[in-house]
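Could you walk me through this structure, one selection at a time? I have it open in my viewer and would like to know what to click on next.

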Amino acid sequence: MDQTADAAVRPRHDFSRLINPRAVAVVGASNDLSRIGGQPLKLLTEYGYQGKVYPVNPKYPEIKGLKCYPDLASVPKPCDVALVALSAQHVVGVIEQCGAAGIPFAIVLSAGFSEIGADGAALQDKLVAVARASGVRIIGPNCLGAMNLKDNVRIGFGGTLQLRTLIPGPFAMVTQSGGFGFGIVATAAYYGIGFNYAISTGNEADTSMLDLAEDFLERSEVEGVVMFMEGVTDGRRLIAIGERALELGKPILVWKVGNTDIGRQAAASHTARMTTGYELFRTSFRRGGFVEVRDSDDLLDALKVFRARRLPRGNRVGVITLSGGAGVLLADRCVELGLQLPPLSATTAGMLREIVVTFASVANPVDATANGYNDNFASYNRVIATVLADPGIDQVIARSPRGSAATAWSRSFIEVARTSDKPIVMNWPTSPDDNAEVMQYLEQNGVPCILAPGRTVRALASLNEFAQKRRAFEQRRRHVAPRLIAKQQLELPQAAGTLGEHRSKQILRQYGIPVVNEVLLSAAAVATLARPPLPFPLAVKVESPDLPHKTEAGAVRPGVIDLSALKAAARDILASVRGFKPEARVDGILVQEMAAGLEVIVGALNDPVFGPVVVFGLGGVYTELLKDVMHGFAPFDVCAAKEMISEIKGSALLTGFRGQPALDIDALADTLSRVSLLIADHADRIAEIDVNPLFVRRAGQGVVAADALIVLK
């Protein structure tokens with residue numbers, strides 16, 4: 001059961017007329033081609049665009065030899081895009097004119113909207129309302145425009161759009177920062193990596209980066225999408241797009257920025273403190289067809305390896321070098337990033353021993369030594385071919401030779417590479433201008449050449465990450481698990497607020513989540529008890545919806561061992577509550593059995609971007625100290641829950657660490673799935689769920705919730 005990408009199916013908007021328009025109207029056109037209103041005219045008339053260009057400005061009869069029109073109503077039809085380069089207060093009227101003229105798209109370069117504060121936000125709201133009413137889709141406002149390098153369409157302004165070094169290629173860029181994102185396109189071109197499309201989304205008043213990424217993924221001429229992202233407003237759609245990327249086999253290289261100092265603090269539950277905006281983005285990236293990058297070099301290197309169009313069948317790497325030190329360094333980086341360097345087969349090792357000199361190493365990594373200079377590296381290519389053919393190797397990292405022999409070597413090497421469909425990445429051993437023609441030849445023939453050992457391995461690890469996700473995705477698609485429990489009808493108070501512990505546990509019990517045995521008694525009933533309501537030892541607590549953190553109020557007494565201690569505990573905690581918060585409502589005294597096991601915390605909340613989310617981590621001191629938590633998008637099944645459990649750093653404590661018995665992971669996964677169903681089924685009323693602690697017992701003995709808190713919207 002894979003239920004995380006459960007957003008309603010929406011029709012995909014067709015952006016073809018935006019990215020390859022028959023005609024473009026430049027509203028606010030200037031006869032000064034250096035100005036924002038003039039640059040688009042230069043770009044549309046001097047860079048190979050084959051469509052019509054219509055300057056719009058009532059002040060001029062013509063600009064740059066083109067007839068200039070007074071308004072959009074007078075522009076000839078058909079016209080697919082209006083580029084708006086006017087001050088903000090004039091933009092709304094232009095969008096109305098677009099609708100009347102049948103122009104389906106507007107790229108609004110103008111600033112002065114939501115990015116400047118309340119007044120700008122109000123103007124942007126009006127802009128969106130007019131666009132909806134007029135049937136016009138808007139890119140921006142406050143953006144740099146769009147590029148279709150495949151068809152020589154450059155609609156916008158800025159230094160990058162004016163570069164003649166930009167090249168088309170199999171990738172598409174959607175960026176929320178036009179200047180930075182377009183700069184990446186220019187840098188990629190320097191390294192021979194082309195983009196067919198690049199669009200700056202600006203304020204995203206109407207069209208979002210998700211709209212465009214979704215469109216680009218479906219295009220046959222696009223093999224991967226780059227997203228430079230500050231944030232999105234629809235996390236479930238982001239997840240769905242990630243799933244679609246896996247289905248199509250097209251990676252989304254995502255660069256998420258703005259990840260610090262955004263943690264949300266909530267007074268009611270530990271769960272909210274364990275969830276921050278970036279953590280949920282990272283969770284969505286981890287499960288979908290995303291490869292997260294953190295710097296320009298990582299992005300460019302990843303683009304190189306994906307451009308080669310080879311995915312590994314597993315994460316087993318063969319490393320081949322002409323230098324022992326380089327091999328050791330590459331091996332270290334592989335292990336650090338989760339790639340395996342298995343021993344080569346005995347057959348492979350025997351074949352290598354017949355090729356290399358006696359002092360070479362035929363282990364993995366293979367050190368073929370510099371002896372290759374003696375035969376123009378023909379033997380080195382035989383080594384590479386032999387390792388590549390080893391059935392226990394899924395991909396190869398090799399180091400290129402240097403010097404005059406490298407040219408002849410590279411021709412033979414490409415023939416070797418073509419004998420296999422396994423990925424081969426070349427770690428370039430010198431500066432890019434040393435044997436530059438060899439690097440160019442290799443990359444033109446599908447072999448990525450990457451500087452620095454660490455960068456080389458990170459790039460290969462990104463390829464493996466995507467390949468592994470694709471394999472897991474195919475398994476998930478074949479696995480359809482029924483719900484553990486049908487949706488339950490809950491009797492919830494109409495008002496928002498926190499439920500008491502006892503009532504919260506009753507709701508958990510309705511979803512089959514084990515809770516400790518307990519009874520709720522009045523203070524008077526406790527004072528007159530003749531025998532204990534449950535076997536000792538017991539915990540005694542105040543039941544109050546106004547005290548979500550009872551320990552802070554001194555309202556908990558664990559380990560009560562006899563009747564007199566129970567009565568004294570009840571009196572003491574009532575007195576503590578009156579001193580801590582006199583106005584707190586007290587619904588009684590909660591008497592419950594003591595529980596034991598490994599403490600974990602299970603929570604859930606409704607995130608404004610990602611919807612219902614479950615949080616799981618180690619409890620007790622580990623919760624705040626280690627922040628070792630995982631997140632899951634609800635609802636999910638037991639298999640997904642087990643993945644969450646296995647991915648926390650402290651998972652060894654559950655599977656048996658240093659001779660300790662294994663704990664009941666099956667029961668824990670069952671509970672996580674049930675919590676996910678509870679929050680998903682009642683997302684309209686439940687804001688947060690906090691089960692802390694949940695005790696995990698030995699395998700076969702189950703789990704039990706000792707405390708719980710539910711917060712209603």
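**First stop: the pocket**

Select helix H9 (277-287), strand E14 (290-292), helix H10 (296-307), helix H16 (453-478), strand E27 (629-633) and helix H21 (638-647): each supplies at least two residues of the lining of the largest pocket. Helices (H or I, at least four residues) and strands (E, at least two) are DSSP runs, numbered from the N terminus. This is a predicted model, where local features need pLDDT of at least 70 and side-chain atom pairs count only at pLDDT 80 or more, while totals for chains, interfaces and linings use all residues. Residues are numbered from 1 along each chain as its sequence is written, and side-chain values use heavy atoms, leaving out hydrogens and water.

Now colour H16, which gives the most to this lining, with 12 residues. The lining has 42 residues, and Phe-285, Arg-286, Glu-465, Gln-468 and Lys-469 lie nearest the pocket's centre. A pocket here is an open set of points on a 1 Å grid over the protein atoms alone, where a 1.4 Å probe fits, with protein on both sides within 12 Å along at least five of seven lines; lining residues have an atom within 4 Å of a point.

**Second stop: the sheet**

Next, show the open sheet of 5 strands, ordered E2-E1-E5-E6-E7 with parallel pairing; two strands pair if DSSP finds at least two bridges between them. Strand E2 (52-56) and strand E7 (137-139) stand at the edges with a single partner strand each, so one side of each has no neighbour in the sheet.

Zoom in on strand E5 (residues 81-84) and strand E6 (residues 105-108), parallel strands joined by 4 bridges. Here Ala-82 stands opposite Ala-106 in E6.
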